[in-house]
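Work through the exercises below with the sequence and the model side by side. Try each task before reading its solution.

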Amino acid sequence: MTENVNRIFFEHLIREDGQEDLCFAFYKLSSGKSRKTGVINEVILPEFGDRNVHGNVSFNSAYFDKVTSYALANNFGICFIHSHPYPGWQGMSFDDIEAEKMLAPRVKAVTGLPLVGMTIGTDNYWSARFWIKETPNTYERYWCESVRVVGKSLKTYFCDDIFPKSNFGEEFKRTISSWGDLKQHEISRLKIGIVGLGSVGSIVAEAIIRTGIRNLTLIDFDLVELKNLDRLLAINRVDIGKFKVDVQKERFLKTELISDLSINAVPYSITEKEGQEAALDCDILFSCVDMPLPRYALDCLSFANLIPVIDGGIDTNPKDDLSNIDQARWKTHTIGPERICMQCLGQYKPEDAALEISGELDNPNYIKGLPKNHFINRGENVFGFSLSLAGMEIQQFLSLILKPRGINYGPKEMDFNTGNIDFDFENECRQDCAISQGLLGCADELNKTLIIKHLGAENNRMKHENSIVNKKNKGFYTFFKESINSLFSF
Ligand SMILES: [Zn+2]
Ligand SMILES: [Zn+2]
């Protein structure tokens, strides 16, 4: 849910008189590869007489009818939410279970979607569960591993039984002494996705691993090329021809820093089904891409699925006569609900994303005709700049979670020429923004419209497959030749 929705819940449900209260809300499903999320986007608070708050809180049928007809009209799933007068993660009483068991079939019959039950504690700690239809007459309760509140910051409430805390030893002593156990358990259980494993993405990934994160998803269909060797962290000549995501995964597993480390290497584009589903399994995404289309896709996915995206970009030009660098700047920002979108920030032009979708960029003749400063012809960068940008992106990430002294900041830009970090940027969308206003909480309804065929990614996977087959064949040929030689050698 967004911070705004959370505020509505908290103000209504956590009462001065200490009584429990209830309300209904609506969600859309967001489907990752291994996770389903209920994205809450609207609330209907009870009006006078809709519920009775004394003792065990209860609601009348007029309120429930209002809720079901609104859900039906808007293709929403339904959440039933109540409060407990204690802090911390909230389990369910016998009465709670009976009430939700009774609601589950009625909600499923009307909406086609499972009932989501949620409970809030006095300290705003959330618990949630889906009621899934197992047989025609039985509904099973599945606890959610986490509930996320997204806005200026990201607050995640974990169910420790489903998603246990890690044991951090001596390896993380210095990290934990910086922000304490509680924050370490929150940060380390976040599922982080990095889209683009180029120079910035590879450094961000390194920092994420060394912060103690257990679940990392790497999304990139690129193969390592010779021209990458001056900019990819810890990549060697022997890695040429391998998927960037595979090389990094293998390397991180070798660190043996985190015992329960899980890395998902996804050699797909964010606009392909496999890439998108992997991204929807994540709580935060790093956008380390340099093309307009993946930026556009991440922008939309962020608002539709309430996933903060940390994006960054480097702009550097040489002098015309190539006698020196002329100027360089790099900028990073966290985008998502209750923050600005990348389009309003000017991080890409929608017409450039449309050009990529059109397939014209796969046509060599079309590319030949483009000017030198067209985005497809750019790529000037040096490792040192990427290092600085990756550092700033990690700061955005940590600040989003830790919010020290209650401060969350907006976009930051490093001006290499002056050495200044500029921060005077807009951090809110235009009022008529089609992304932050139009797509907020749309989840799967939007997601499926963003999936397109990606020829470049398909070609790379084919090239990779062929190179493996060739290697195998070559291996067999060598073995055969050696065997023949050994027959004649004595
Ligand atoms: Zn209860
Ligand atoms: Zn916007």
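A contact means heavy atoms within 4.5 Å. This is a predicted model: local features need pLDDT of at least 70, side-chain atom pairs count only at pLDDT 80 or more, and totals for chains, interfaces and linings use all residues. Residues are numbered from 1 along each chain as its sequence is written, chains are lettered from A and ligands numbered from 1 in the order in which they are written, and side-chain values use heavy atoms, with hydrogens and water left out.

**Exercise 1. Contacts of a loop residue**

Task: find which residues Ile258 touches, not counting residues up to four places away in sequence.

Solution. 
- Step 1: locate the residue. Ile258 sits in the loop between helix 6 (244-255) and strand 13 (262-266). Helices (H or I, at least four residues) and strands (E, at least two) are DSSP runs, numbered from the N terminus.
- Step 2: list the contacts. Ile258 touches Phe172, Ile209, Gly212, Ile213 and Arg214, not counting residues up to four places away in sequence.
- Step 3: check the burial. Ile258 is buried because its relative accessible area is 8%. Buried means under 20% relative accessible area, exposed over 50%, partly exposed in between (1.4 Å probe, protein chains only).
- Step 4: take one distance. Ile258 and Thr211 are 47 residues apart in sequence, and their C-alpha atoms are 10.0 Å apart.

**Exercise 2. The zinc ion (ligand 2)**

Task: name the protein donors of the zinc ion (ligand 2) and classify their arrangement.

Solution. 
- Step 1: collect the donors. They are Cys341 (SG), Cys344 (SG), Cys429 (SG) and Cys433 (SG), 2.3 Å from the zinc ion (ligand 2). Donors are N, O and S atoms within 2.8 Å of the metal (3.2 Å for Na, K and Ca); water is not among the atoms, so sites may look incomplete.
- Step 2: test the angles. The 4 donor atoms subtend 107 to 113°, so the arrangement is tetrahedral. Four donors count as tetrahedral if all angles lie between 85 and 135 degrees; four count as square planar and six as octahedral if opposite donors are over 155 degrees apart and all others between 65 and 115; anything else is irregular.
- Step 3: read the spacing. Along the chain, the donors of this zinc ion (ligand 2) follow C-x2-C-x84-C-x3-C.
- Step 4: Cys341 is in the loop between strand 16 (325-335) and helix 9 (342-345), and Cys429 is in the loop between strand 18 (421-422) and helix 13 (444-447). The pair is 88 residues apart and links distant parts of the chain.
- Step 5: check burial. Cys341 counts as buried because its relative accessibility is 0%. Cys429 counts as buried at 18%.

**Exercise 3. The surroundings of strand 5**

Task: work out which way the residues of strand 5 point and which strands join it.

Solution. 
- Step 1: sort the residues. Gly77, Cys79, Ile81 and Ser83 point one way, and Ile78, Phe80 and His82 point the other way.
- Step 2: check burial. 7 of the 7 residues are buried, so strand 5 is largely enclosed by the rest of the structure.
- Step 3: find the partners. Strand 1 (residues 22-31) runs antiparallel to strand 5, joined by 6 bridges. Strand 6 (residues 115-120) runs parallel to strand 5, joined by 5 bridges.
- Step 4: pick residue pairs. Leu22 stands opposite His82. Ser83 stands opposite Ile120.

**Exercise 4. Positive phi**

Task: say where Arg405 lies and whether it is buried or exposed, then do likewise for Ala443.

Solution. 
- Step 1: recall the background. Most residues other than glycine have a negative phi, and most peptide bonds are trans.
- Step 2: take Arg405. Its phi is positive, about 55°. Arg405 lies in the loop between helix 12 (383-402) and strand 17. Arg405 counts as exposed because its relative accessibility is 83%.
- Step 3: take Ala443. Its phi is positive, about 45°. Ala443 lies in the loop between strand 18 and helix 13. Ala443 counts as buried at 0% relative accessibility.

Conventions: Pairing = 2+ DSSP bridges.
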